[in-house]
Amino acid sequence: MATLFFNPQEAAIHQLFHQDGTFSPVTLSIFFLLYFLLACWTYGVSVPSGLFVPSLLCGAAFGRLVANILKVKLGLAIYSGTFALIGAAAFLGGVVRMTISLTVILIESTNEITYGLPIMITLMVAKWTGDFFNKGIYDIHIQLKGVPLLEWETEVEMDKLTASDIMEPNLTYVYPHTRVQSLVSILRTTVYHAFPVVTENRQNERDFMKGNILISNNIRFK
């Protein structure tokens with residue numbers, strides 16, 4: 001327990017991956033529960049506590065726990081480090097919903113290309129399982145913070161919308177030669193920050209541009 005809690009996170013992950021000595025199921029269970037609760041708590045506060053490494057550590061501890069249970073209960077001759085690696089990949093993949101990039105990161109960290117296919121399958125299953133319940137933690141945090149974000153895929157209801165459903169029916173516009181008093185009145189009675197400049201005679205392009213510049217100067221002067 002002390003080697004997991006009092007060592008740096010990278011050293012604890014290295015021990016779960018490569019150490020031949022067995023950690024007892026009780027030790028791994030207590031460490032996983034406490035570290036998972038601490039990781040959830042620190043991610044919710046405004047401190048740079050990180051999410052990547054704690055997720056790897058929790059997943060590695062849970063994977064090693066599964067390996068120890070299989071050894072004790074079923075008597076299988078398995079390598080616990082492989083289960084720790086797969087558990088870390090599954091846990092982190094389910095949290096952040098990353099697939100290809102996380103596969104490359106884990107392959108480079110283990111320096112074993114043979115683990116590529118198992119890790120990829122694990123990450124895809126973890127992503128599908130997580131998507132069945134909710135969104136990824138980054139997407140949830142974006143919604144909690146109220147950050148405007150355009151999704152990759154639109155909602156089903158939006159496919160039935162037309163341009164007339166989202167356009168303003170009573171459009172506020174100005175002419176090239178508009179009085180400053182009218183502009184001030186428009187700015188006070190509307191919540192928009194930009195207005196189309198229209199003209200009835202578009203043949204005289206020079207006068208149109210001149211009027212547009214005059215409007216900008218009048219608004220800035222007012």
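Colleague: Which residues does S80 touch, not counting residues up to four places away in sequence?

Modeller: This is a predicted model, in which local features need pLDDT of at least 70, side-chain atom pairs count only at pLDDT 80 or more, and totals for chains, interfaces and linings use all residues. Residues are numbered from 1 along each chain as its sequence is written, and side-chain values use heavy atoms, with hydrogens and water left out. Contact means heavy atoms within 4.5 Å. On that basis, S80 touches R64, A67, N68 and K71.

Colleague: Is S80 buried or exposed?

Modeller: S80 lies in helix α5; helices are DSSP runs of H or I with at least four residues, numbered from the N terminus. Buried means under 20% relative accessible area, exposed over 50%, partly exposed in between (1.4 Å probe, protein chains only). Because its relative accessible area is 3%, S80 is buried.

Colleague: Which element has the lowest mean pLDDT?

Modeller: pLDDT is the predictor's confidence in each residue, from 0 to 100. The protein averages 82, and 89% of the residues score at least 70. Helix α7 (residues 116-133) has the highest mean, 91, whereas the lowest, 52, belongs to helix α11 (residues 205-221).

Terms used: Helices (H or I, at least four residues) and strands (E, at least two) are DSSP runs, numbered from the N terminus.
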